[in-house]
Amino acid sequence: MKVNELKQLIKEEIDNVFLSEKLGVPSNITRVGSQLFDEYLDYIKGAAQPVDLETQPLNANNSNNGFDIADLHIDNVSIETNIDDRFTELVFVGMGVTSLQRFKSDSNLRLLPPQDLDQFKDVEMSVRLGAPPSVEIDDIYNFLVTNKSEMVGSFAHELKHWYDSYKNVGGLKAGDRSKYAASTKFSAGDIKPINDFIFMLYYISGIESLVRSSELAAEMEDQGLTKKDFYNYLTQNKIFQSLKKVKEWSYEKFREDLKQHIPSIISILKHTNTPTKGLSEDQLIDKFLEATLYAFTRLQVDELVNIIQDPLNIAHIFSALFGQPTTSDKDKEAFEKQVKLIARFGVDYEKYFKYNEKLFHMLGNNVIKKISKTYDLLPD
């Protein structure tokens, strides 16, 4: 297939949008992701047993030369490894990076980076693995080698979060951060449609959407792909597939899927002292979605309190009682504004989920357009 024909296919597949502009991937970030993986692999190989990984973090520094991502110089990357031994097989659970941002006390409680940008020279990351209790170092080493591209992409993913904090990209509000934090913690037990919906809130958030192109570019670079490989790789890649699911999510299908979980829904409703006797499946789902929205909204407000670290006493999900003399009127007003924004749907679950259906379609489409631009980063 010729390159021009390939470009046309990409245009048709991704809503007839194809842009060659190199956006969203800071210079050298893919290379640093690969360098971190190499140092991490050497670190794993040198460990005597898995428990050593949890007690002795890696300090990666590129032979004391540090790492450069665009205009950001990093002296050291400290990487902790956490192993959850409740798994039956070895899996990559995820990575994380600390945040140095703080919130400004204005009407929007927006994020601000530290005034001393030298703090960004030292990065703290974590790698989370799941494994059976019998796992050995060789097992972990071989697993990482097998899954190298995914790991390199994940390192680039976390580095982009760090770089975005450094650049203060997006001017994120505390309320947005609280939604992001809540989406990583909320669970509806074994009711998969709800858990999938919450995961989509996380996956399509502004915080995560900013890093997808860097993650994808690092994976493709690691595999040595060229422009002719792009279409097949992109459309089969987990990032594209996840975004496609977000884009295609519908409230109607969501409700139908919930009907497969009626016993669990009844159990949860009884736990919340909600009457269930004589209710139809649709009525049970209505009650469940109302309770779910209430619980998720409450968690967002709890996370908001944690984020701004304000000594406020939240008495109810839709009202905040401010009794602390150390809290200024300005801070109270800013906090109340964010709470009202978070709780703006009340318990109108149908309005909430239909709103997110539209949001998912728009954001899923937009992020797919963004990651399509990584085509131009590949060699011919």
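A: Helix 7 (192–203), helix 11 (238–248) and helix 12 (251–258) each put at least two residues into the lining of the second largest pocket; helices are DSSP runs of H or I, at least four residues, numbered from the N terminus. This is a predicted model, where local features need pLDDT of at least 70, side-chain atom pairs count only at pLDDT 80 or more, and totals for chains, interfaces and linings use all residues. Residues are numbered from 1 along each chain as its sequence is written, and side-chain values use heavy atoms, with hydrogens and water left out.

Q: Which helix gives the most to that lining?
A: Helix 7, with eight residues.

Q: How much space lies in the pocket?
A: About 460 Å³. A volume is the space filled by probe spheres set on the grid points, joined across faces, edges and corners. A pocket is an open set of points on a 1 Å grid over the protein atoms alone where a 1.4 Å probe fits, with protein on both sides within 12 Å along at least five of seven lines; lining residues have an atom within 4 Å of a point.

Q: Which residues are closest to its centre?
A: Lys192, Asp196, Met200, Lys245 and Trp249, out of 17 lining residues.

Q: Now the packing: what angle do helix 6 and helix 14 make?
A: Helix 6 (residues 174–183) and helix 14 (residues 281–308) pack at about 120 degrees, with axes 8 Å apart. Axes are lines fitted to C-alpha atoms over the stretch in contact (heavy atoms within 4.5 Å), and angles run from 0 to 180 degrees between N-to-C directions.
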